[in-house]
Amino acid sequence: MSEQYYEEVGAYYDKDAVDFERRYWQNDALQRIRQSFREHVRQHEFSCMLEVGFGPGFDLTHFAQTHPQSEVYGVDISAEMVRIAQGKIDEGTLANAHVAQGSVEDIESRFSEVRYDMIYVFFGALNTVDDLGLAMKELEKLLLPGGRMVLTFVNKWYVGGMVIELLKGKPKWAFARLKKVWGGYSPTQFLASKCYTTGEVKRSTTLSCVDQRGYSILFPAWYYHKIHKLLPRKVRMLLWHWDHSLSRTTVGTLGEYMLYEFRK
Ligand SMILES: C[S@@+](CC[C@H](N)C(=O)[O-])C[C@H]1O[C@@H](n2cnc3c(N)ncnc32)[C@H](O)[C@@H]1O
């Protein structure tokens, strides 16, 4: 495992933590997508769940509250994100929520002998692991037989974004995700990440993929603020509904974001 790489990722998110929540609450697209991710998790019964990369703890504290009979564990590489999430856990006196600093490779040592029937990753932590195959192997090991993983990824082939960037005259941005290393969303702060195709994600594990869906196929990606503002609400709603219809088709694999559900 590359310690230096994880130090860099942790330092990036330590800085990002300051503004993370404010940005989120101002972004309708991110809120809609998160609700959809949560619905996928909620479809299943679970008694012991794990979140990798919980950030400020939106979902970890949410599930700890909605499922008081379940234990909810989480790891995050950023010390600052852990501090913020722990603050929420303490404030809500959520005795069933447990967080620790670390990456996928550290879970076993942070929560020894705990096994999970639901593992989820929302918004990107698996795009910043040292080796996706090894990370998936680790998660597979921690998942109980019959358990589910709901994993979401920044997608490699975001065709709508390519078209938009080309129309803006920015070919470098249009094809940035196809490179071996993607610099992340920020034009000013570099975060060494990897974007994956549907095939690459499925080949990274021996578990069977039982569901998949794409997001922001026609509905503009969350960071196209100006386009969101320009589009009337009715048009945005229409695009969101078209996306929903396309999300499980081949066209769905060309969205900005992907969700995969695996079963052991
Ligand atoms: C884009 S944020 C998403 C946070 C949260 N899941 C959410 O939906 O709001 C990604 C989070 O994953 C964490 N992260 C990134 N790479 C990680 C890794 N390899 N292991 C654990 N956490 C990681 C970051 O520190 C950050 O908090």
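Which residues surrounding the ligand are the closest? I looked this up first. The closest of the 20 surrounding residues are Tyr13, Gly53, Gly55, Ser78 and Ser103; a residue counts as near if its C-beta atom, placed from the backbone, lies within 6 Å of the molecule.

I noted that the model is predicted: local features need pLDDT of at least 70 and side-chain atom pairs pLDDT 80 or more, while totals for chains, interfaces and linings use all residues. Residues are numbered from 1 along each chain as its sequence is written.

I then sorted the ligand shell by class and found 13 nonpolar, six polar and one charged residues. Here Ala, Val, Leu, Ile, Met, Phe, Trp, Tyr, Cys and Pro count as nonpolar, Asp, Glu, Lys and Arg as charged, and the others, Gly among them, as polar. Helix α1 (3-25) and strand β2 each supply at least two residues of this shell. Helices (H or I, at least four residues) and strands (E, at least two) are DSSP runs, numbered from the N terminus.

I next traced the sheet. Seven strands form an open sheet of mixed pairing in the order β3-β2-β1-β4-β5-β7-β6; two strands pair if DSSP finds at least two bridges between them. Its edge strands are β3 (97-101) and β6 (208-215), each pairing on one side only. Strands β1 (residues 48-52) and β2 (residues 71-76) run parallel and are joined by five bridges. Val52 stands opposite Val75 in β2.

Last, I examined Tyr120. Not counting residues up to four places away in sequence, Tyr120 touches Val41, Met49, Glu51, Met149 and Val150; contact requires C-beta atoms, placed from the backbone, within 7 Å.

How values were computed:
Two residues are in contact if their C-beta atoms, placed from the backbone, lie within 7 Å.
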